[in-house]
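Q: Here is a structure that is new to me. Can we go through the terms used for it, and see what each one rests on?

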Amino acid sequence: MAAMTRLQLQQRTSLLISDPNNTRWTAAQVQDALQDAQEKFAQDTQAFRRYHAQNVSAGDSTYVIPTNIGTIQRVTLNKLELIPTSRKELDVWYSDDWTLHTGTPQYYYVDIESDYMRIVLYPQPTSADAGTDVLVTECSQLPGAMASDGAYPFTGSATVNTLFNPYHNAIPFRAAADL
């Protein structure tokens, strides 16, 4: 099956929603729906699974992770799986300032800021936990944005990933269903 560019996907979606002249939905609305559809595909299939390894330092509990992550499947430290939690749960569990606790981390939570995402470990790692590429985040990565009419899905550029060509046709159907 041939690869389709954003323009071709947009035209197919417009036909599926019986709006080939973009009178009911603008081209920008259709393009947004196409972007959402490819991101949903990536998350649903977990076809873009990535492993993000980082160095760990004693006393440092916060580690920046890429913002193009869809979902986090698991986080490991020295090959031991950490348990997901939240800042609120830690507040409930501990009456003192838990951010100062040290020891081998058993928990993590994701702290989302506007410009970045961070994995926060609890308790703070010690020198026994420190090392190179020992903190591994297994996650699904979101595909790049299709920013131009010549861009292909799943790469966000003029380069096509032929492995995913058969799935290009599914994107306009998902976008049309969402519009």
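**Helices, cores and a sheet**

A: The model is predicted.

Q: Which residues of α1 are buried?
A: Helix α1 spans residues 6-16, and its buried residues are Arg6, Leu9, Gln10, Thr13 and Ser14.

Q: Why are the buried residues of α1 said to line one face of the helix?
A: Looking down the axis of α1, the buried residues fall within an arc of 135 degrees, so they line one face.

Q: What makes glutamine 10 count as buried?
A: Its relative accessible area is 10%. Buried means under 20%, so glutamine 10 is buried.

Q: How do you know that the side chains of glutamine 10 and glutamine 31 make a polar contact?
A: The contact joining these two side chains is 2.8 Å. The cut-off is 3.5 Å for a pair of N or O atoms, one able to donate a hydrogen and the other to accept it, so the pair counts as a polar contact. Setting aside neighbours within four places in sequence, glutamine 10 is in contact with Asn22, Ala27, Val30, Gln31, Leu34 and Asp149.

Q: What follows α1?
A: Serine 18 follows α1, and its phi is positive, near 55 degrees.

Q: Which residues are buried in α4, and why are they said to line one face?
A: In α4 the buried residues are Ile171, Pro172, Ala175 and Ala176. Down the axis of α4 they fall within an arc of 130 degrees, so they line one face of that helix. The buried residues of α4 pack against α1 and α2.

Q: What makes up the largest nonpolar core?
A: This core has 18 residues, and Leu34 and Phe154 have the most contacts inside it. At least two of its residues come from each of α2 (27-45) and α4 (170-178). With 6 residues, α2 gives the most to this core.

Q: What is phenylalanine 154 in contact with, leaving aside its neighbours within four places in sequence?
A: Its contacts are Gln38, Phe41, Phe48, Pro143, Gly144, Phe164, Tyr167, His168 and Ile171.

Q: Why is serine 61 called buried?
A: Serine 61 has a relative accessible area of 14%. The limit for buried is under 20%, so the term applies to serine 61. Serine 61 is found in the loop between β1 (49-56) and β2 (62-65). Neighbours within four places in sequence aside, serine 61 is in contact with Ile119, Val120, Leu121, Gln124 and Pro125.

Q: What makes β2 and β5 edge strands?
A: They belong to an open sheet of 4 strands with mixed pairing, in the order β2-β7-β6-β5. Each of β2 and β5 (83-84) pairs on one side only, and these are the edge strands.

Q: How do you know that β2 and β7 pair?
A: The two strands are joined over 4 bridges in the antiparallel sense. Pairing needs at least two bridges, so β2 and β7 pair. The bridge partner of threonine 62 is valine 120 in β7.

Q: Why does aspartate 96 count as partly exposed?
A: Its relative accessibility is 42%. Buried is under 20% and exposed is over 50%, so aspartate 96 falls in between. Aspartate 96 is in the loop between α3 (87-93) and β6 (107-112), and its side chain makes a polar contact of 2.9 Å with the side chain of histidine 101.

Key:
Residues numbered from 1 in each chain as written. Predicted model: local features only at pLDDT ≥ 70, side-chain atom pairs only at ≥ 80, totals over all residues. Heavy atoms only, no water. Buried < 20%, exposed > 50% of the residue type's maximum accessible area, 1.4 Å probe, protein only. Contact = heavy atoms within 4.5 Å. Core = buried A, V, L, I, M, F, W, Y, C linked by side-chain atoms within 4.5 Å. Arc of directions from axis to C-beta.
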